[in-house]
Amino acid sequence: MKLTTAQALVRWLLAQRSETLDGREVPLFPGVFAIFGHGNVLGLGTALEEHRDELPVWRGQTEQGMALAAVGYAKATHRRQVGVVTSSIGPGALNMVTAAGVAHANRLPVLLLPGDTFTSRAPDPVLQQVEHFGDPTATVNDAFRAVSRYFDRITRPEQLLSTLPQVARVLTDPADAGPVTLALPQDVQAETYDFPDALFAPVTHRPQRPRPDRRALTEAAGLLRAARKPLLVLGGGVRYSGAGARALAFAERHGIPVTETTAGRTLVPHGHPLHAGPLGVTGSTSANVLAAESDVVLAVGTRLQDFTTASWTVFSPDVRLITLNAARFDAVKHGALAVVGDADAGLVDLSAQLENWQVDPLWTERTSAERARWDAHIDTLRAASGEVPTYAQVVGAVNDLSEPHDYVMTASGGMPGELIGGWRGSGSIGMDVEYGFSCMGYELAGAWGAAMAHTEGLVTTMLGDGSYLMLNSELFSAAFAGHPFVAVVCDNDGYAVIARLQEGQGGKPFNNLLGDCRSAHTAPPRVDFARHAESLGCAVFTASTVDDVRAAYAKAREAAVAEHRPAVVVVRTLPDAWTEAGAWWEVGVPEHLSGRADFEESKAGQVRYLKS
């Protein structure tokens, strides 16, 4: 079949299918986000236009925003569907690098197709080309290498025959999932080749469930049987495996308290008697107290990043750590007993080895008591009086009005601590907190992608004024395309959470809150977020009090669904009221600051390598 490189790539995309965790067959690549320029409009753009009825193409306003939307889509589909993003060469391509970092840090699949410079070099240097004096083979797209799971530059059409199977492997593999970058020189996009028909035969990619090694399972079962106070930690891998129900059944059978990481949040119903709450810096004191006393921790599907482990101070130095993970890279960290395999299959096999083993009921019963104390603390924060709402109160209002199948999101600043620590979920997979890369701007762009994917229930994204100003243009993209969600924008006059970190360690207020930034005006201008969001095509509601937030959010939900566009709630919030879990986070503190003493004390209790 004689096709251009771009035509062959598009036909291959259309042939790829995916099996969801509930057994449905869907397109692996459900759509493409595209901004065209001279590097992709005639090659890939023409090929996409030929299949516009089969493969939807959505135009965003920034390449970064489109790629972040694709990341949000992948998360909302539990990595079973992949967004494709194409840009022209130069600045359009480089705009996607940040989003590739988000996907890489969070182990989420996305296919990036940046245009590239001519392989012929005949017209060099072309518009938007950066010349590398010592390496003519290098282009700006080499910047993607550091943030791609798989990178290739297609310099001949027939190279697709060997690289496309690898693209599919990485995008669907439970251990290797992440961003794939195929750099496409614009002259090669237009070159033709006689491709074999078999390349375009339909293929269905099904969830892989590699089973753990029996010897590792036996060792893990032995450690658990000897444990007096075990703890089960559930991460994002449990979500992507579809193992939430299995993990809860495992905990119930053996009486093990359960806690969640950031990526694993809402896997467990909040009111379940074995739910200890979320773990770590942005977690809960209930989970952190139990973690500090635990003698064996079974961590399933988590990379155990610093916010989860409180920079490795949340566990006792004498703890024994078992990691069940599809990626051996994550399983072997910190001297853990590595059990490499699928979360669902691994828990089945491990439970079989444990047979009827049960934890001491006194330890099991601690879970509800500790979480009740945390719940009472959150209730106090939500009920606090004051004219200006706090983040905790805004989260509480949204939580109370949300439905069981809704989906709530955030990414950066102070809001992750409020959602992770304070949200009370029903047990459905209903939260996306992008705290692997903590990318400001993901909240709105990612919500656009999530709204495309999450057809049951409503998507709500929560963010601060800083994130809104970083990247808001995809509000227009979602309004234009007709994808509804609610955005709750909390205006607290700047980067308040970094101001808290700065001042809390003894630093002087500087360059974070707007009042501490350099300005030529005695009365600097303020952003009218409501009018701005309205100008981008959104329905807008404002609030001043907690009761106002409830009323505005209820109206926003109705408007988003009825009008098929984003609805934005704007509320002024306090810049200095936070939900605290009482855990330490390691940051570099200079010796002359007051926070240095606490740094040295906490650093002394940091676990560097655990006993296997």
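The largest pocket of this predicted model is lined by 41 residues, and F307, V497, R500, L501 and W585 are the ones that lie nearest its centre. Because the model is predicted, local features need pLDDT of at least 70 and side-chain atom pairs count only at pLDDT 80 or more, whereas totals for chains, interfaces and linings use all residues. Residues are numbered from 1 along each chain as its sequence is written, and side-chain values use heavy atoms, with hydrogens and water left out.

**Pockets**

- About 940 Å³ of space lies in the largest pocket, where a pocket is, on a 1 Å grid over the protein atoms alone, an open set of points with protein on both sides within 12 Å along at least five of seven lines, and lining residues have an atom within 4 Å of a point.
- A volume is the space filled by probe spheres set on the points, which are joined across faces, edges and corners.
- Helices α17 (415-422), α19 (465-470) and α21 (496-504) each supply at least two residues of the lining of the largest pocket, and the largest share, 6 residues, comes from α21; helices here are DSSP runs of H or I with at least four residues, strands are runs of E with at least two, and both are numbered from the N terminus.
- The lining of the largest pocket has 18 nonpolar, 18 polar and 5 charged residues, with Ala, Val, Leu, Ile, Met, Phe, Trp, Tyr, Cys and Pro counted as nonpolar, Asp, Glu, Lys and Arg as charged, and the others, Gly among them, as polar.
- The second largest pocket has a volume of about 620 Å³, and of the 23 residues that line this pocket, D22, R24, A76, T77 and H78 are the closest to its centre.
- Both α3 (63-76) and α18 (442-453) supply at least two residues each to the lining of the second largest pocket, which by class has 9 nonpolar, 9 polar and 5 charged residues.

**Cavities**

- The structure holds 3 cavities of 30 Å³ or more, a cavity being a set of grid points where a 1.4 Å probe fits but cannot get out.
- The largest cavity, with about 610 Å³ of space, is lined by 42 residues, of which R79, G236, G237, Y240 and G301 lie nearest its centre.
- Two or more residues of that lining come from each of α6 (160-172), α9 (236-241) and β16 (320-325), and α9 gives the most, with 4 residues.
- About 60 Å³ of space lies in the second largest cavity, whose lining by class has 3 nonpolar, 7 polar and 1 charged residues.

**Helix packing**

- The axes of α16 (residues 391-401) and α17 come within 10 Å and cross at roughly 50°, where axes are lines fitted to C-alpha atoms over the stretch in contact and angles run from 0 to 180 degrees between N-to-C directions.
- The two helices α16 and α17 are therefore oblique to each other, since angles under 35 degrees count as roughly parallel, over 145 as roughly antiparallel, 65 to 115 as roughly perpendicular and the rest as oblique.
- Y391, A392, V395 and N399 in α16 meet M415, E418, L419 and G422 in α17, contact meaning heavy atoms within 4.5 Å, and the residues of this contact divide into 5 nonpolar, 2 polar and 1 charged.
- Helices α8 (residues 214-226) and α14 (residues 343-354) pack at an angle of about 55°, with their axes 9 Å apart, and are therefore oblique to each other.
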